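Trainee: I would like to learn how to read a multi-chain model, one feature at a time. Could we go through one together?

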Amino acid sequence: MDTLLSILRSIHPEVDFELCDTLIDDSILDSLDIIAIISEINAQMDVTIPPEEIVPENFNSAEALWDLIERLEDE
Amino acid sequence: MKKLMKIASLLLALCLALALTACGGTEDSDKTNPPSGSGTAQAAGYTFRFKGVEIAVDADLAPIVAALGDPTDYFDSDSCAFQGKDKVWTYGGVILRSYPEGDKDLVLSVELMDDSVSTPEGIYVGSSRDDVTAKYGAPTSEAGTSVSYVKGKCTLMFSLADGKVSSIAYRSQVLDE
Amino acid sequence: MKRKAFLSGLAVFLALAAVLWFCQRLLMPKYQTGIVEGSMVEEYYREELPHEVLFIGDCEVYENFSTITLWENYGITSYIRGSAQQLVWQSYYLLEDALRYETPKVVVFNVLALKYNTPQSEAYNRMSLDGMRWSGSKAAAIRASMTEDESFVDYVFPLLRYHARWSELTGDDFKHLFSKDLVTHAGYYMRVDVKPQTGFPPPMVLPDYTLGANAMGYLDKITALCKENGIALILIKAPTEYPHWYDEWDAQIVEYAEKNGLPYFNYIGLRDEIGLDMTTDTYDAGLHLNTRGAEKMADYFGRYLTENYDLTDYRTDPDYAAVWSEKVKYYNDMKEQQYAELAEYGHLVSFGANAIEG
Amino acid sequence: MLFTSYGFIAFMAAVLVLYYLLPKVCQWPLLLVASLAFYAIADWRYLFFIVFTAASAYLIALKLESIEARRKAILAQSPDMSKEEKKALKARHKAAQWRWLLLALFLELGVLAVTKYTNFVLENLGKLFRDGRFHAIDMIVPMGISFYTFQTVSYVIDVYRGKQTAQRNFLKLLLFVSFFPQLVQGPISRYGDLSKTLYGPHPYDGKAVSFGLTRVLWGYFKKVVLADRIITAVTALIADTAQYTGTYVFVAMLFYAFELYCDFTGGIDITIGLAEAMGIKVAENFNLPYFSKNIKEYWNRWHITMGTWFTDYIFYPISVSKPMLKLSKWSRDHLGKAVGKRVTVYLSCFAVWLATGIWHGAAWNFVVWGLMNFVVIMASQELEPLYARFHARFHVKGKAPYEVFQIVRTILLMSVIRMFDCYRDVPMTFKMVGTMFTRFNIHVLWDGSLLALGLTGADYGVLIIGFFIVLGVSLYKARRGSVREALYRKPRAALYGVMAALALVIVIFGAYGVGYDSSQFIYNQF
């Protein structure tokens, strides 16, 4: 989770990722940010997020994203 | 996914290569083609060359009559209820007629009435019917005493009397409406 | 609540319909000055008494026969249902339309229009059709006349055709919003000015001199309609030479007339007999007759009519005399006005091309 | 049948009346019949193409779902499977699904590619070889094929991704593909979105009907009164490249920006409004695009359904694909972090904009247009830190004049890029844009030259008033929200009055009928 948070902060230092749960709904993250995050996660955590998982529900908060990563690791 | 990527990247490379070569191609063709929409001679149909002036049906008449100089005769008539004028210019054996379109006069027809002039292909009043088919091939249509050739928006008509051409006309398709 | 919404909807809808109707009246051309030919078809419905002779056709009838002369010299009641570039099918449907109101004894058709076999011009269509009252004939006339770009709806709601005139409205559009002046004399369009005929360019050589099947088909229909109603049909070619009337066409009409037992007169060759002098009797260098010419033409034609058909001399009928004396007065007044303008300006100012508003 | 033809208006009215008169079970079948009729009226041969596309999507989606169902059945039968075995099973079934998906893409995009791009390829090959071996051939291009193909593709991919259950009724799927209001110019709907309301039943709802019709009228106003009027001048300006240079190019650029906006949003308003009147919710395609402060935002607000389509089905798959991630990792290790971070974004964006350009039209102009967008977006991305510093220093961010500046800048930038889809070819566009800076003839703005473009003073009057009406409505929408809701809160006559006024204005001031060339919706050809 800490790695994830540091990845997120490196992209948007001004956002409080522990609290915010409308990252997509409020257009804080755009599509360029999302693929930056995905490629960082891939590089640093060795988890590949497939395109079908790129939906607002999975990216609206750091927590949702963490759940996704755990689920993908599990499969 | 891998395959897709391979195909996609190949396609990309191909497109890029094409883009570079074809751009050169467009540039070249640009120089040979006159700018579109200048509205002079309609390259597609038959045209008549008279006193060095290219005359095509449906072309703007004003620059043509300006270049041809004084006619031997001129006639115009109001159409009913002032829907524009029909105009007729006569230059010896050549008759030029116009029809109004918007605020312009366009060429309705060019008629060659005697053998002082000939078509660019070399047919004149007095040529035989065989001369015509030798130059122009099989006619598009035949009616009564005439044979017609259609090319683009122009109908080239040869009237025949006793097997010889008695008059030649370049006709706009407006006439057939 | 629902009811209220419905009622306010209905009220707004009715208001919109009323405004649209008003706009349509305002925006339709009035054809009162200059181009008056668009008023001709509509004016027919203002006639109070029936006619024994009805002309149908294009400018070669409405500019070449003085109906007032026919009345004054022979007591013939006639009307010209003419319009600019009236096509054969329009003539047919205008005749059909006229038969809903009266049955004349004689119908006169000018054959020049047979040269057109297909719809020609939207502007002329409008002048010939907009003025017709709604009937099956009008609908059929529209369908037969429409050019490719036209649509039937534009005739049903002329506002759709004329909406863009909002920026070109003139005084006439407001002045004649609800009432129009008469522009013809029982269909005759008066011009007293003179412009001598000087000659015409050689006629265009045509690829084919057969008159079109569609046009001739409608001539058949006119012939049949007259026969059905016991009307004598006369075919004429007006005495003017331009647009050119080819000998090949004339031969076809001669043959047609013979076959159908109809009289046909080509008046071009009869000009001397009629007494027409094309240096004085035309106002546009020979295309159409002026009033002098039209009166000569009417006098000649009226004599033929009275000699050959059982027409009534209505001059002794007080009802007719009253109506026609008004027409005669209007005719003479206009003639006087036109001559006065000619004397003052050398040309007409409130009639014809000079009178077209900006 | 163009939206602006009498025929379409009558068609629309007839469908709407029948829609509420017939029993509710007949609603969606009526729409299907109407849609196929609409398509057949244009050209009955088109039907083969659309039915083929829908049928292949229908069958393959069912196949994809049955493969997934079998996997679930196997899992249920053998609860003691090991994790590795489960993984292997999944991989096997995914691979099978992948082959079916490729087949679907091949069939659907294949038809699109062959009908739309054959001549483009042939013409360019002809130019390349110049020996007369290649020349354009006569070919029918089914109306709206780009739009319905994209809809169908998104449906199949969504089923493949398990985001969507397959539609079992072929006729219902066919309706989704051919729904006539959006057939010719979008929006590109997603099945999951549209299917919620497409099949009804919808009882008559006065509010929905009047709201929908108001939007239809508003669309016609923009389209018929404004776009079709100004297009006369646009056409004149871009046709004569010899005469209309310098300031004229600038005028053409702005006129075209206005024309395109009114034409495209007007058309979409007609589509969405008509659907709304039938109780069907079609995705929004615009969100006040000309109020965007930068190009990236602009593309989030203009032609939205196309943008999200490209993002979901091209941008994401490419950028998170294994080779791409590998490439990114490799460049990070060998070329440094800065490059590694950018490589994915650049390549994916490049692909997306190339595809967007090609999708818009089979011509080099569109390819260059797409790539120009790519360049500008990347540049603004790179300049972002600079902007951030500038904003921190000068405290202009969020202030009205600066926002207006940003908006105007975005509009101008977009308009310049868009010149590529109006001039004849790419070199000509560069030349014409160049003359804006080399020929000084600004006097044409006031010396009456603009009156020689086919528009009269009265026309300009209508356009100026129309511009302010559109601007006013947009501002209201941006600040206070729905104009129609505001009207609805007033006595009912207010909304009806606005509808009547719109109808009247369209009838009188519309640029239609004899004397006007009724221009086709610009987006029909895509």
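This is a predicted model: local features need pLDDT of at least 70, side-chain atom pairs count only at pLDDT 80 or more; totals for chains, interfaces and linings use all residues.

Trainee: How many helices and strands does chain B have?

Mentor: Chain B has three helices and ten strands.

Trainee: And what share of chain B is buried?

Mentor: Of the 177 residues in chain B, 28% are buried.

Trainee: Next, backbone angles. What should I look for there?

Mentor: Most residues other than glycine have a negative phi, and most peptide bonds are trans.

Trainee: Where is Lys51(B), with its positive phi, located in chain B?

Mentor: Lys51(B) is in the loop between strand S1 (48–50) and strand S2 (53–55) of chain B. Its phi is about 50°, although Lys51(B) is not a glycine.

Trainee: Is Lys51(B) buried or exposed?

Mentor: Lys51(B) counts as exposed, because it has 11 C-beta neighbours inside 10 Å, and the cut-off for exposed is 12 or fewer.

Trainee: What is the phi of Asp58(B)?

Mentor: Asp58(B) has a positive phi of about 70°, and it is not a glycine either. You will find Asp58(B) in the loop between S2 and helix H2 (61–68) of chain B. With 19 other C-beta atoms within 10 Å, Asp58(B) is partly exposed; a residue needs 20 or more to be buried.

Trainee: Now the peptide bonds. Which bond to Pro243(C) is cis?

Mentor: The bond from Tyr242(C) to Pro243(C) is cis, with omega near 0°. Pro243(C) sits in the loop that runs between strand S4 (232–237) and helix H12 (247–260) of chain C. Pro201(D) belongs to the loop between helix H7 (191–198) and helix H8 (206–239) of chain D.

Trainee: How do I describe two helices that pack together?

Mentor: Two packed helices are described by the angle between their axes and the distance between the axes. Take helix H12 (residues 322–335) and helix H13 (residues 337–360) of chain D: they pack at about 155°, and their axes are 6 Å apart.

Trainee: Are H12(D) and H13(D) roughly parallel or roughly antiparallel?

Mentor: H12(D) and H13(D) are roughly antiparallel to each other, because angles over 145 degrees fall in that class. Their crossing is right-handed. On the H12(D) side, the residues in contact include Met324(D), Leu327(D) and Leu335(D), while those of H13(D) include Val339(D), Val343(D) and Leu347(D). By class, this contact has six nonpolar, four polar and two charged residues.

Trainee: How is chain D divided into domains?

Mentor: Chain D has domain 1 (6–204), domain 2 (205–282 + 428–526) and domain 3 (291–422). The centres of domain 1 and domain 3 of chain D, taken over C-alpha atoms, are separated by 29 Å. Their contact takes 13 residues from domain 1 and seven residues from domain 3. On the domain 1 side, helix H4 (83–129) and helix H5 (145–160) of chain D each supply at least two residues, and H5(D) gives the most, with five residues. That side of domain 1 has seven nonpolar, five polar and one charged residues.

Trainee: Let's finish with whole chains. Which pair of chains shares the most contacts?

Mentor: Of the four pairs of chains in contact, chains B and C share the most. Chain A and chain B do not touch, as their nearest C-alpha atoms are 11 Å apart. Chain A and chain C do not touch either, and there the nearest C-alpha atoms are 38 Å apart.

Trainee: How many residues do chain C and chain D bring to their contact?

Mentor: The contact takes 22 residues from chain C and 17 residues from chain D. On the chain C side, the largest share, ten residues, comes from H1(C). The residues of that side divide into twelve nonpolar, five polar and five charged.

Key: Residues are numbered from 1 along each chain as its sequence is written. Chains are lettered from A and ligands numbered from 1 in the order in which they are written. Axes are lines fitted to C-alpha atoms, for helices over the stretch in contact, and angles run from 0 to 180 degrees between N-to-C directions. Helices (H or I, at least four residues) and strands (E, at least two) are DSSP runs, numbered from the N terminus. Angles under 35 degrees count as roughly parallel, over 145 as roughly antiparallel, 65 to 115 as roughly perpendicular and the rest as oblique. A crossing is left-handed if the near helix is turned anticlockwise from the far one by less than a right angle, and right-handed if clockwise. Two residues are in contact if their C-beta atoms, placed from the backbone, lie within 7 Å. Ala, Val, Leu, Ile, Met, Phe, Trp, Tyr, Cys and Pro count as nonpolar, Asp, Glu, Lys and Arg as charged, and the others, Gly among them, as polar. Domain bounds come from an automatic or database domain assignment.
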